[in-house]
Amino acid sequence: MRFFHMSGRFHILGRITVAFVTIAVLAGSLSVSASATTAAPAATAAPAGRATVVTPGLKGYDNLAAENQSQINCLSAAGYSFDVIDVIGDAWQGEYNAAAAAGMTIVMFQGFDATTWATPAQGTTRGGIIAAKATLARYPKGAQIFLNLEQNTPQAAPGVTVAKMLAWINNWTRAVRSAGYVPGIYVGVPQLLTAGQINTIAGAVFWRSASSSAPQAGRGFVVRQPSVSRPACGIVNGIDTDVAGIDTRGARLIGAAFPKTAIRPTAAGAFVPLTPTRLLDTRSSLGGSGPVAANKAVNLQVTGRGGVPATGVAAVVMNVTVTAPTSLGFVTAYPTGSSVPAASSLNYVARQTVANLVTVRVGSGGRVTLFNGAAATRGNPASIQLVADVAGYYLSGTATRPGTFVAVTPARLLDTRPRAISAGPPGITVALAGRAGVPSTGFDSAVLNLTVVGPTAPGNLTAYPAGTGVPPTSNLNFGVGQTVPNMATVKIPNGGAASGRVALMLNGFKGRANLLADISGYYNAGARIDSGAFVPLTPARLLDTRSNVGAIGKVPAASAISLLVRGRGGVPAGASAVALNVTVVNQAALGYVSVFPSDRSTPVASNINFVANRTVANQVILPIGADGRVILLNQSAGTTDLLADVAGYFRP
């Protein structure tokens with residue numbers, strides 16, 4: 001056994017064998033290659049960070065060496081989302097700048113100094129030093145700074161006692177807190193203090209080492225270290241892996257995020273993505289008061305709220321959720337001031353919580369209307385509660401540039417009722433050209449709301465360009481008797497025999513069902529050059545935790561995965577936002593999934609609501625984080641599998 005110094009800490013290790021091999025990047029696996037270990041110029045100084053919560057379940061690392069940009073880029077590609085940096089030393093700024101340039105979240109950490117433990121006044125001094133360095137780096141106020149609390153025994157720090165150690169720590173935490181940061185404690189070994197004594201440290205959060213003998217802080221941990229000295233990306237001595245969590249008080253890991261400055265689109269019909277923001281929750285009288293009775297509506301103000309500007313908005317993209325319905329029915333979203341169209345945005349049954357993405361033109365006063373199409377009966381008002389989270393908006397004006405969006409009043413293009421169909425191979429096609437405000441030519445993708453009604457067997461529906469092969473993806477999944485909607489952004493052939501048509505296939509379906517298709521708008525054809533222009537893609541699967549594509553294994557309860565989207569499935573390195581169809585399957589408990597950019601804190605918003613063992617899907621349009629990733633957070637008490645299929649992206 002020997003002591004091995006790394007990350008400002010001592011680890012007791014046995015014999016170490018480190019082999020460097022080339023491994024393909026897959027689902028967060030480590031990638032080590034010659035290109036990853038090549039030295040690169042130091043990154044330029046990092047911009048000011050923004051305080052952000054590290055989503056529970058995400059993976060990070062800490063390491064004493066100052067990794068170069070190539071190594072950190074390699075770690076980011078391998079699924080590491082945050083870097084805990086020891087800033088006591090000479091090389092920390094290079095690592096800080098490189099991690100920021102890679103779009104990683106950064107958490108600051110102060111390595112131990114055993115020679116000072118016996119002098120409580122040094123706690124104030126050392127806290128002042130770390131706070132000054134944090135300020136110099138423009139580390140955001142409100143973020144956490146951790147102290148390495150180990151090697152504090154009399155053998156390592158002559159003259160130290162429990163009383164002196166606690167006084168030192170309390171002085172340090174006061175100095176850090178007075179500078180506007182949140183003090184954190186790394187609970188490691190050898191350790192002088194007991195768990196009870198550590199729990200007396202006021203106002204601190206805790207980070208637990210990998211050692212099984214480390215004291216257990218009674219308040220729990222915002223980050224845990226499950227493994228140490230793991231070979232990765234050519235970094236000398238490997239890395240220590242960390243995982244973000246939540247303590248018993250609900251505290252979470254908070255660090256610095258470095259979102260890239262987005263180019264503001266200017267072309268009419270260009271899309272501006274937003275971090276999901278809640279605009280409506282009738283349960284709490286946000287944006288409207290519920291419950292909403294049958295044949296009643298909410299006129300929701302969307303402009304001037306949640307990042308949507310007061311003027312210059314043609315249409316908004318929102319995730320609309322129905323909860324607590326007392327009967328079956330449907331919701332239609334349309335521009336305020338218009339007549340209720342013969343279309344639906346989502347369908348529901350009693351006691352079901354269901355969500356769907358909608359794209360809707362903005363009506364009079366900058367509002368959109370959400371109409372509850374249900375039939376009241378004696379003693380049952382067929383009421384619902386409504387929730388709406390905005391995901392972005394399209395700029396107003398006459399949209400003529402390639403890739404810009406033209407919203408139309410929702411209209412029904414397909415309704416197979418009353419005669420159900422099987423829609424097996426070769427499926428059915430739906431003509432869009434020249435109908436419901438769609439031109440005869442000049443468009444190459446469209447936004448549709450698809451609904452399966454009353455299927456006699458379980459299955460899934462895939463929408464894809466007519467005249468092409470069926471992709472191995474899906475747009476919505478359904479069980480027996482379910483009426484299930486989902487928005488789909490679909491590439492449409494622009495020329496040839498299948499021009500202007502979309503194909504619908506009920507994959508592996510052994511029953512009969514009815515299909516509905518409602519048009520919301522279309523994208524102009526042509527070579528995309530404008531910021532905010534949408535580029536349709538042939539659907540491709542980026543995530544399937546069942547087969548370890550994009551991430552490994554089921555997503556744990558109250559945990560998340562980070563999904564690399566740039567550079568995969570046709571999404572280029574510079575894409576600003578992405579359209580994904582996300583599916584929840586094999587879920588063990590009810591809950592919801594939130595999908596958001598990797599460089600943002602978890603929003604108060606949801607994308608998919610689910611119950612146990614019922615597959616459900618929803619389209620998501622969102623910005624891509626600075627590191628090329630998006631976060632999928634499983635907000636439930638059970639594990640779940642997640643799928644994600646890309647439909648297209650937006651130009652930066």
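Modeller: The largest cavity holds about 100 Å³ of space. A cavity here is a set of points on a 1 Å grid over the protein atoms alone where a 1.4 Å probe fits but cannot get out, and lining residues have an atom within 4 Å of a point. Grid points are joined across faces, edges and corners, and the volume is the space filled by probe spheres set on the points.

Biologist: Which residues are the closest to its centre?

Modeller: S344, S345, P410, N449 and S520, out of 13 lining residues. Before we go on: this is a predicted model, where local features need pLDDT of at least 70, side-chain atom pairs count only at pLDDT 80 or more, and totals for chains, interfaces and linings use all residues. Residues are numbered from 1 along each chain as its sequence is written, and side-chain values use heavy atoms, with hydrogens and water left out.

Biologist: Fine. Which elements give two or more residues to the lining of the largest cavity?

Modeller: Those are β16 (329-335), β18 (354-361) and β28 (514-524). The largest share, three residues, comes from β18. Strands (E, at least two residues) and helices (H or I, at least four) are DSSP runs, numbered from the N terminus.

Biologist: How many cavities of 30 Å³ or more are there?

Modeller: Four.

Biologist: Switching to packing. Which residues touch the most other members in the largest nonpolar core?

Modeller: Y96, Y139 and I185, in a core of 72 residues. The element that gives the most to this core is α5, with six residues. Apart from it lies another core of 35 residues, including V320, Y348, V354 and V360. A nonpolar core is a set of buried Ala, Val, Leu, Ile, Met, Phe, Trp, Tyr and Cys residues joined through side-chain atoms within 4.5 Å. Buried means under 20% relative accessible area, exposed over 50%, and partly exposed in between, with a 1.4 Å probe and protein chains only.

Biologist: What does Y139 touch?

Modeller: Not counting residues up to four places away in sequence, Y139 touches Y96, I106, V107, M108, A134, Q144, I145, Y181, I254, G255 and A256. Contact means heavy atoms within 4.5 Å.

Biologist: Back to α5. How does the span of its end C-alpha atoms fit 1.5 Å a residue?

Modeller: Helix α5 has 17 residues (162-178) and should span 24 Å; the end C-alpha atoms are 24 Å apart, so that agrees. The expected span is 1.5 Å times one less than the number of residues.

Biologist: Which residues of α5 are buried?

Modeller: M165, L166, W168, I169, N171, W172, T173, A175 and V176. An α-helix has 3.6 residues a turn, so residues three or four places apart point the same way. The buried residues of α5 pack against β6 (105-110), α4 (121-136), β7 (144-149), β8 (182-187) and α6 (195-198). Just after α5, G180 takes a positive phi of about 100°.

Biologist: Where are the cis peptide bonds you'd flag?

Modeller: One runs from V189 to P190, with omega near -5°, and P190 sits in the loop between β8 and α6. A cis bond also joins R417 and P418, with omega about 5°. P418 is in the loop between β21 (405-415) and β22 (428-431).

Biologist: And S285, what's its phi?

Modeller: Near 60°, a positive value in a residue other than glycine. S285 lies in the loop between β13 (271-281) and β14 (297-301), and counts as partly exposed because its relative accessibility is 49%. A436 has a positive phi too, near 55°. That residue is in the loop between β22 and β23.

Biologist: Now W207: buried or exposed?

Modeller: W207 is buried, because its relative accessible area is 0%. The residue is in strand β9 (205-208), and its side chain makes a polar contact with the side chain of D242 at 3.3 Å. A polar contact is a pair of N or O atoms within 3.5 Å; within protein, one must be able to donate a hydrogen and the other to accept it, and residues adjacent in sequence count only if both atoms are side-chain atoms.

Biologist: Last one: which residues is T451 in contact with?

Modeller: Leaving aside neighbours within four places in sequence, T451 contacts S344, N347, T483, V484, P485, N514, L515 and L516. T451 lies in strand β23 (443-453).

Terms used. On a 1 Å grid over the protein atoms alone, a cavity is a set of points where a 1.4 Å probe fits but cannot get out, and a pocket is an open set with protein on both sides within 12 Å along at least five of seven lines; lining residues have an atom within 4 Å of a point.
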